Every structure is written in C-alpha cells, then in structure tokens.
Amino acid sequence: MSKIHFEAFVRDYQTMVFTSAYRLLADEMEAQDIAQEVFLKAYESFDTLEFSPAAGGWLKTVTRNLCLNHLARHRSRWQLFSELVNEGEDDAGFEEQLSAPDTLYPDLETAEQRALLAEALDKLPAAQRVPLTLHYIEDMSYEAIAQTLKITLANVKINIHRGRLALRRTLSRHQEYRKD
C-alpha cells in the first residue's frame with residue numbers, strides 16, 4: 001500500500017465522510033472524531049478499498065454505523081419519544097397519518113434556504129434529527145431506521161413527523177421575520 005495513494009483517497013472522501021457524520025451527530029468535534037475512526041478502518045482495509053468502485057458506499061456505511069454506535073453509547077443525551085397511542089386504544093390508521101412525504105422541502109432552492117434548513121436540523125433533538133437524516137439524506141426506509149435504531153416503526157414515524165413539524169415552524173418563523 002502506498003502512503004501517497006491513501007492520502008489521495010482521504011482527500012477524495014473526507015468531505016463526504018465528515019458531512020455524513022455531522023448530519024447525524026450535529027457536533028463538529030464528534031463528527032471529526034468519527035471521520036478519523038472511519039479512515040482508520042479504511043486504512044486497515046485499504047488493499048481491498050483502493051480501487052474498489054464501492055469504496056464510497058463502504059465509507060458511508062461505516063460512517064453511519066459508527067455514528068449510530070456513538071449515539072447509542074450516549075443515549076442519555078437524547079430521549080426517545082414515547083408512543084402517542086396507549087396500548088389497547090384504537091390506533092387504526094394512526095401510523096399512516098404520520099407518514100412523511102418522499103422529499104424534505106424540495107422547494108428550498110437557494111443556498112440561504114438550504115443553510116437555514118441545515119441549521120434548523122442541527123438544533124433538533126437527536127431523536128428527531130437522526131431518523132430525519134437517515135430517511136431523507138441516507139435514503140433509508142422507515143423499517144430500516146426502526147431496525148437500525150432498535151425502536152418501533154411507530155416511533156420512527158412519530159419522530160420524523162415531529163421533526164418535520166419543528167422544521168416547518170422554524171422555516172415559517174424565518175420567512176415571517178424576513179417579511180417584516
């Protein structure tokens with residue numbers, strides 16, 4: 001393995017790895033730590049990754065898994081939302097009401113709007129931010145998110161729904177402020 005090749009590999013992927021980690025953790029220092037850990041693992045597997053067309057996907061998966069493991073270790077920081085429906089109550093159709101559309105605010109066209117959304121997303125509690133990020137940015141299904149985070153499908157939908165509402169409130173407040 002060539003040190004020069006690995007340095008080029010890191011340069012090619014460092015932004016993607018850091019950005020993926022930051023979106024999940026919303027903490028720059030923690031995202032940097034995770035990125036370092038990802039590239040240590042990549043270094044250990046560099047002989048197979050160096051010319052692999054799947055290297056980017058491998059790095060993204062390792063990044064996501066390390067972030068989720070980090071969040072699980074620090075679970076006291078984020079509280080999972082309790083079910084909105086009590087056991088035994090009629091909850092037919094409840095989960096369908098919480099389904100989120102396929103895209104997260106597709107009308108955000110300007111860099112300023114995207115930056116505002118990213119800032120609002122960073123301020124969400126991890127219990128909302130992580131499922132939103134996994135669904136809309138990592139393209140994971142609700143079922144995969146539930147399995148990955150070890151929470152119920154209903155909880156995933158609730159957290160995504162509440163996160164979207166919080167984002168909508170933040171974005172609408174910003175627009176009202178700009179009109180004044």
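Reply: In this predicted model, helix 7 is mostly covered, with 11 of its 12 residues buried. The buried residues of helix 7 run through Ala-126, Ala-127, Gln-128, Arg-129, Val-130, Pro-131, Leu-132, Thr-133, Leu-134, His-135 and Tyr-136. For the chain as a whole, buried residues make up 39% of the 180 residues.

The largest nonpolar core holds 43 residues, and Val-130 and Leu-134 are, together with Phe-9 and Phe-39, the ones that touch the most other members. Among the elements that give two or more residues to this core are helix 7 (126-137), helix 8 (142-149), helix 1 (3-25), helix 2 (28-44) and helix 9 (153-179). In soluble globular proteins, nonpolar side chains tend to be buried together.

The partners of Val-130 can be given individually. Leaving aside residues up to four places away in sequence, Val-130 touches Leu-24, Leu-68, Leu-71 and Leu-149.

Two packed helices are described by the angle between their axes and the distance between the axes. For helix 7 and helix 8, the axes come within 10 Å and cross at roughly 135°. An angle over 145 degrees would count as roughly antiparallel and one of 65 to 115 as roughly perpendicular; helix 7 and helix 8 are therefore oblique to each other. The crossing of helix 7 past helix 8 is right-handed. On the side of helix 7, Val-130, Pro-131, Leu-134 and His-135 make the contact, and on the side of helix 8 the residues are Tyr-142, Ile-145 and Leu-149. By class, the residues of this contact comprise six nonpolar, one polar and no charged. Between the two helices, just after helix 7, Asp-139 takes a positive phi of about 60°.

Gly-163 is buried, with a relative accessible area of 0%. Not counting residues up to four places away in sequence, Gly-163 touches Leu-124, Gln-128 and Leu-132. The C-alpha atoms of Gly-163 and Ala-126 are separated by 9.7 Å, although the two residues lie 37 residues apart along the chain.

The axes of helix 1 and helix 2 come within 8 Å and cross at roughly 140°, which makes helix 1 oblique to helix 2. Helix 1, too, passes its partner, helix 2, in a right-handed crossing. Phe-9 and Phe-39 both take part in this contact, whose residues also include Phe-6, Val-10 and Tyr-13 of helix 1 and Ile-34, Ala-35 and Val-38 of helix 2. The residues of the contact of helix 1 with helix 2 divide into 16 nonpolar, two polar and two charged.

These pairings belong to a chain with nine helices and zero strands. Among its contacts between residues at least 6 apart in sequence, 71% join residues at least 24 apart.

Terms used. Residues numbered from 1 in each chain as written. Predicted model: local features only at pLDDT ≥ 70, side-chain atom pairs only at ≥ 80, totals over all residues. Heavy atoms only, no water. Core = buried A, V, L, I, M, F, W, Y, C linked by side-chain atoms within 4.5 Å. Buried < 20%, exposed > 50% of the residue type's maximum accessible area, 1.4 Å probe, protein only. Helix = DSSP H or I, 4+ residues; strand = E, 2+ residues; numbered from the N terminus. Contact = heavy atoms within 4.5 Å. Axes fitted to C-alpha atoms, helices over the stretch in contact; angles between N-to-C directions. Parallel < 35°, antiparallel > 145°, perpendicular 65-115°, else oblique. Left-handed = near helix turned anticlockwise from the far one by under 90°. Nonpolar A, V, L, I, M, F, W, Y, C, P; charged D, E, K, R; others polar.
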